[in-house]
Amino acid sequence: VIDLASDQFDPVLKVVGPGLDEPLEDDDSGAAGGGSRLRFQFPETGAYKVIAKGFDSTNHGEFTLKAAPAAAPPEAFDWTKPAAVAFLSSVKLEEPALHPDASVNSELAETAAKGPEGFPVRGWTLPQCEGRVRVSVESNDFDTVLIVLPPDGGQPLVNDDDEDDPFNSDSALKFSCCATGSHRIFVSGFSPSERGRFSITVKRVEK
């Protein structure tokens, strides 16, 4: 975990180095939204450059920069448990339904359905379709969890770390659509306290 804070300007934190296809950058994820914070795992062994800068060219002043080992992350909730599957099957789904090559903006709020251990959940139908799709969830507010319940009532697909997301806070799943039934798509958070806005996107993929 790397923290950058200043009482004199709006600090922006940036990290570049081996294994990072694009720089990691943050503006307002620090304490009380006033500093910058990056929490990540080094993808490769090597030298990384940590850059402290202002939000714009007028920002100057003193700052504090510190890095510390991150505590081990908590284990994700097991959405494949029978009680969790039964809950997901009972959740009232949002309208309109999801469709391939479309995106929906929504929010995980206090009004969301509460699942086992108080996890908030929003859900949608993905109607009958053919071919493979990639469903992804992105949020700047919380660590997302994506759950897909197949139409045959089988084991849910679950993801909380999109491999294309360097911050590991977004989620994504690829699966084959069903021509004879509808999938149920759910968004939750990594912890029961997670709240915030997010976008969910469905795209057709070749494989």
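This is a predicted model: local features need pLDDT of at least 70, side-chain atom pairs count only at pLDDT 80 or more; totals for chains, interfaces and linings use all residues.
In what order do the 5 strands of the open sheet sit?

Residues are numbered from 1 along each chain as its sequence is written, and side-chain values use heavy atoms, with hydrogens and water left out.

Let's start with the whole chain. There are 15 strands and 1 helix; these are DSSP runs numbered from the N terminus, with at least four residues of H or I for a helix and at least two of E for a strand. Along its principal axes, the C-alpha trace spans about 60 × 35 × 30 Å. Of the 207 residues, 42% are buried, meaning under 20% relative accessible area with a 1.4 Å probe, counting protein chains only (exposed is over 50%, and partly exposed is in between).

Next, contacts, which are heavy atoms within 4.5 Å. Take the contacts with a separation of 6 or more: 76% of them come from residues 24 or more positions apart.

Okay, back to my opening question. The order is 8-9-14-11-12, and the pairing is antiparallel. At the edges stand strand 8 (113–114) and strand 12 (157–159); each has a single partner strand, so one side of each is left without a neighbour in the sheet.

Now zoom in on strand 11, residues 144–149, which is joined to strand 12 by 3 bridges. If you want to find that pairing on screen, look for Ile147 opposite Val158, and for Val148 opposite Leu157. Strand 11 also pairs with strand 14 (residues 183–189), in the antiparallel sense, over 6 bridges. There, Leu146 has Val187 as its bridge partner.

Is strand 11 largely enclosed or left open? Largely enclosed by the rest of the structure, because 6 of its 6 residues are buried. Thr144, Leu146 and Val148 point one way, Val145, Ile147 and Leu149 point the other way, and all are buried.

There's another open sheet to look at, made of 3 strands in the order 4-1-6, with antiparallel pairing. Strand 4 (36–38) and strand 6 (64–67) are the edge strands, each pairing on one side only. On average, neighbouring strands of this sheet are turned by 10 degrees against each other, direction ignored; the axes behind that angle are lines fitted to C-alpha atoms, and in general angles run from 0 to 180 degrees between N-to-C directions. Strand 1 (residues 2–5) pairs with strand 6 over 4 bridges, and Ile2 has Ala67 as its bridge partner there.

Last stop: strand 15, residues 196–205. Strand 7 (residues 102–108) runs antiparallel to strand 15, with 7 bridges joining them, and Val104 stands opposite Ile200. Strand 10 (residues 132–138) is joined to strand 15 by 7 bridges, also antiparallel. In that pairing, look for Glu138 opposite Ser199.

That's my tour, thanks!

Technical notes: Two strands pair if DSSP finds at least two bridges between them.
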